[in-house]
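Student: Hey, I have a model open and would like to walk through its side-chain contacts. Could you help me out?

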Amino acid sequence: MSRIGEYIKEERKKAGLTQEEFAFRSGLGLRFVRELEQGKETVRLDKVNQALAMFGCEAVPGKKER
């Protein structure tokens, strides 16, 4: 989850949004956004995709990098 969290944080900042603004606009809770950006391993995939949808992306299965 840390790569996704890093991506969300980077794109959120590029968009000029605070965590609070991003949470509001995406319909997610501020706590979830903070935990996602911090790389929490146990987050709900539907909410991850809700966050990624703000940037036209979604989480999909793929090979794990070593």
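Predicted model: local features only at pLDDT ≥ 70, side-chain atom pairs only at ≥ 80, totals over all residues.

Student: Which residue does Glu-10 form a salt bridge with?
Tutor: Its partner is Lys-14, and the closest N and O atoms are 3.5 Å apart. Lys-14 counts as exposed, at 60% relative accessibility.

Student: Where do Lys-14 and Glu-10 lie?
Tutor: Both are in helix H1, which covers residues 2-14. They are 4 residues apart, about one turn of the helix. In general, an α-helix has 3.6 residues a turn, so residues three or four places apart point the same way.

Student: OK, zooming out: how many salt bridges are there?
Tutor: The count comes to 7 salt bridges. One of them is between Glu-35 and Lys-40, with the closest N and O atoms 3.4 Å apart. Lys-40 is partly exposed, with a relative accessible area of 33%.

Student: Which residues do salt bridges with shared partners join into one network?
Tutor: Glu-10, Glu-11 and Lys-14.

Student: And what does Arg-34 form a salt bridge with?
Tutor: Arg-34 forms a salt bridge with Glu-20, where the closest N and O atoms are 3.4 Å apart. This pair links distant parts of the chain, with Arg-34 in helix H3 (residues 30-37) and Glu-20 in helix H2 (residues 19-26), 14 residues apart. Arg-34 is partly exposed at 35% relative accessibility, and Glu-20 is partly exposed too, with a relative accessible area of 42%.

Student: New topic, rings! How many aromatic pairs does the structure hold?
Tutor: It holds 2 aromatic pairs. Tyr-7 and Phe-55 form an edge-to-face pair, 6.3 Å centre to centre with 90° between the planes. That pair also links distant parts of the chain: Tyr-7 is in helix H1 and Phe-55 is in the segment after helix H4 (45-53), 48 residues apart. Tyr-7 is partly exposed, with a relative accessible area of 29%.

Student: What about Phe-22 and Phe-55, why is that pair stacked?
Tutor: Their ring centres are 5.7 Å apart and the planes are at 5°, so the pair is stacked. Phe-22 in helix H2 and Phe-55 in the segment after H4 are 33 residues apart. Phe-22 is buried, with a relative accessible area of 0%. Together, Tyr-7, Phe-22 and Phe-55 form one aromatic cluster.

Student: Nice. What sits over the ring of Phe-32?
Tutor: The charged end of Lys-47 does, 5.7 Å from the ring centre. C-alpha to C-alpha, Phe-32 and Lys-47 are 8.4 Å apart in space, while in sequence they are 15 residues apart. Phe-32 is found in helix H3 and is buried, with a relative accessible area of 10%.

Student: What else does Phe-32 touch, leaving out residues up to four places away in sequence?
Tutor: Besides Lys-47, Phe-32 touches Val-43, Arg-44 and Val-48.

Student: Which residues of H4 are buried?
Tutor: Val-48, Ala-51 and Leu-52 are the buried residues of H4. Seen down the axis of H4, they fall within an arc of 100°, so they line one face of the helix.

Student: And what covers those buried residues of H4?
Tutor: The cover includes H1, H2 and H3.

Student: How many residues does the largest nonpolar core have?
Tutor: It has 12 residues, among them Ile-8, Phe-22, Phe-32, Val-43, Val-48 and Leu-52. The elements that give two or more residues to this core are H2, H3 and H4. As background, nonpolar side chains in soluble globular proteins tend to be buried together.

Definitions and conventions: Residues numbered from 1 in each chain as written. Heavy atoms only, no water. Salt bridge = Lys/Arg side-chain N within 4 Å of Asp/Glu carboxyl O. Buried < 20%, exposed > 50% of the residue type's maximum accessible area, 1.4 Å probe, protein only. Phe/Tyr/Trp six-rings, centres within 6.5 Å; stacked < 30°, edge-to-face > 60°. Lys NZ or Arg CZ within 6 Å of the ring centre and 35° of its normal. Arc of directions from axis to C-beta. Contact = heavy atoms within 4.5 Å. Core = buried A, V, L, I, M, F, W, Y, C linked by side-chain atoms within 4.5 Å.
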